[in-house]
Amino acid sequence: MDSFKVVLEGPAPWGFRLQGGKDFNVPLSISRLTPGGKAAQAGVSVGDWVLSIDGENAGGLTHIEAQNKIRACGERLSLGLSRAQPPQSKPQKLH
């Protein structure tokens, strides 16, 4: 499991869509990216799990709470993300 942080320079739109949240009993994750958007340029991928928003643990947030926290960031959005598998660009050796 690869975890990393990205910082997006504002203002919004940030170029991604969230899915999940505590109210859905599913971890917050990135469901869509705007091609060429700020998130895509920062290396965010569809399927990345959102661990923190602006330094605060996102594990207990509902979908709306997470959206509101992202909206409140204004000029700079810091996301802690986790990727379950490496991007497809790296060839994997199978043994």
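The legends below describe close-up views of one predicted model.

Residues are numbered from 1 along each chain as its sequence is written, and side-chain values use heavy atoms, with hydrogens and water left out. Because this is a predicted model, local features need pLDDT of at least 70 and side-chain atom pairs count only at pLDDT 80 or more, whereas totals for chains, interfaces and linings use all residues.

**Figure 1. The whole chain and its elements.** The chain holds 2 helices and 6 strands, where helices (H or I, at least four residues) and strands (E, at least two) are DSSP runs numbered from the N terminus. Read from the N terminus on, the order of the elements is β-β-β-α-β-β-α-β. Of the 95 residues, 33% count as buried, a class that means under 20% relative accessible area, with exposed set at over 50% and partly exposed in between (1.4 Å probe, protein chains only). The accessible surface comes to about 6200 Å², and 52% of this surface belongs to carbon and sulfur atoms; the areas come from the Shrake-Rupley method with a 1.4 Å probe, and for residues only the protein chains shown count as cover. Among contacts between residues at least 6 apart in sequence, 61% join residues at least 24 apart, a contact being heavy atoms within 4.5 Å.

**Figure 2. The largest nonpolar core.** In soluble globular proteins, nonpolar side chains tend to be buried together. The largest nonpolar core of this model has 19 residues, of which F16, L18, V50, I53, L77 and L79 touch the most other members; such a core is a set of buried Ala, Val, Leu, Ile, Met, Phe, Trp, Tyr and Cys residues joined through side-chain atoms within 4.5 Å. Two or more residues of this core are given by each of strand 1 (2-9), strand 2, strand 3, strand 4 (49-53), helix 2 and strand 6 (76-83). The largest share, 3 residues, comes from strand 6. Not counting residues up to four places away in sequence, F16 touches L8, I30, R32, L33, A39, I70, L77 and L79.

Figure 3. Rolling a probe the size of a water molecule over the atoms shows where empty space is left. About 300 Å³ of space lies in the largest pocket. On a 1 Å grid over the protein atoms alone, a pocket is an open set of points where a 1.4 Å probe fits, with protein on both sides within 12 Å along at least five of seven lines, and lining residues have an atom within 4 Å of a point; grid points are joined across faces, edges and corners, and the volume is the space filled by probe spheres set on the points. The lining consists of 13 residues, of which W14, F16, R17, Q67 and I70 lie nearest the centre of the pocket. Strand 2 (16-21), strand 3 (26-33) and helix 2 (63-72) each supply at least two lining residues. By class, the lining divides into 7 nonpolar, 3 polar and 3 charged residues, with Ala, Val, Leu, Ile, Met, Phe, Trp, Tyr, Cys and Pro counted as nonpolar, Asp, Glu, Lys and Arg as charged, and the others, Gly among them, as polar.

**Figure 4. Two cis peptide bonds.** The peptide bond from G10 to P11 is cis, with omega near 5°, and the peptide bond from A12 to P13 is cis, with omega near 10°. P11 is found in the loop between strand 1 and strand 2, and P13 is likewise placed in the loop between strand 1 and strand 2.

Figure 5. N25, although not a glycine, has a positive phi of about 55°; N25 sits in the loop between strand 2 and strand 3 and is exposed, with a relative accessible area of 73%. D54, also not a glycine, has a positive phi of about 55°; its place is in the loop between strand 4 and strand 5 (56-57), where D54 is partly exposed, with a relative accessible area of 48%.

**Figure 6. The surroundings of S78.** S78 is found in strand 6 and counts as buried at 12% relative accessibility. Leaving out residues up to four places away in sequence, S78 touches K5, V6, V7, S52, I53, D54 and G55.
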